[in-house]
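Here is a structure to look through, one piece at a time. Have the sequence and the 3D view open side by side as you read.

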Amino acid sequence: MALSEHEEALLQQMEEALYAEDPHFASRIQKTKSRHLGRGRVVIGVVAGVAGLALVIVSAMSSLIWLGAIGFAVMVAGIAYAVTPSRTALRSVASNGTVPRQARGKGKQSPTHGSFMERLEERWEKRRRDQW
C-alpha cells in the first residue's frame, strides 16, 4: 500500500529528526539494513549443514551414537557459519570512520540524571514545544 503525500512528508521529517538528534544511531541503522552475508559463506554453511544432517541419518541407521553427535555438531556449526557475518565485514563496519564515544570531544552529551523514562518524557516535551 502506497503512502499518501502527507504521510511521506511526515516520514521524511521523522527521518531528518532522527539524523539530527542521533546521527550515530541513524548511521548504524542504515548500515544494518544494507549489511548482507557473503554468498559463498552461506553456500559453505548450508553444505556443512546438509552434510551434518546426512551424518545424523547415517548414524541413526547404523546405531553409532558418536557419529550422530559429530553430525549434529557439524550441522549446527554449518548453519551458524552461514548466518553470521564474517570478521572482515564486522571490521569494515567498525572502521567506518566513526569515533568511539569516549574519544569524542565535549560536544552534545546525554544527560545522566533521571531515569530513562524521565529523559524520554523530557525529549518528547521538547519536541512538542519546538513543533508548536
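## Ground rules

This is a predicted model, where local features need pLDDT of at least 70 and side-chain atom pairs count only at pLDDT 80 or more, while totals for chains, interfaces and linings use all residues. Residues are numbered from 1 along each chain as its sequence is written, and side-chain values use heavy atoms, with hydrogens and water left out.

## The whole protein

Of the 132 residues, 9% count as buried. Buried means under 20% relative accessible area, exposed over 50%, and partly exposed in between (1.4 Å probe, protein chains only). Take the contacts (heavy atoms within 4.5 Å) with a separation of 6 or more: residues 24 or more positions apart account for 60% of them.

## Two helices side by side

How do H3 and H4 pack? Their angle is about 165 degrees, and their axes are 7 Å apart. That makes H3 roughly antiparallel to H4. Axes are lines fitted to C-alpha atoms, for helices over the stretch in contact, and angles run from 0 to 180 degrees between N-to-C directions; over 145 counts as roughly antiparallel.

The residues of this contact divide into 15 nonpolar, 7 polar and 1 charged. Nonpolar covers Ala, Val, Leu, Ile, Met, Phe, Trp, Tyr, Cys and Pro, charged covers Asp, Glu, Lys and Arg, and the others, Gly among them, are polar.

## Ser 63, in the loop

Ser 63 sits in the loop between helix H3 (39-62) and helix H4 (65-83). Ser 63 counts as exposed because its relative accessibility is 61%. Its phi is near 60 degrees, a positive value in a residue other than glycine. Most residues other than glycine have a negative phi.

The side chain of Arg 41 reaches two backbone oxygens: that of Tyr 81 at 3.1 Å and that of Thr 84 at 2.7 Å. Leaving aside neighbours within four places in sequence, Arg 41 is also in contact with other residues, including Ala 82, Pro 85 and Ser 86.

How values were computed:
Helices (H or I, at least four residues) and strands (E, at least two) are DSSP runs, numbered from the N terminus. A polar contact is a pair of N or O atoms within 3.5 Å; within protein, one must be able to donate a hydrogen and the other to accept it, and residues adjacent in sequence count only if both atoms are side-chain atoms. Angles under 35 degrees count as roughly parallel, over 145 as roughly antiparallel, 65 to 115 as roughly perpendicular and the rest as oblique.
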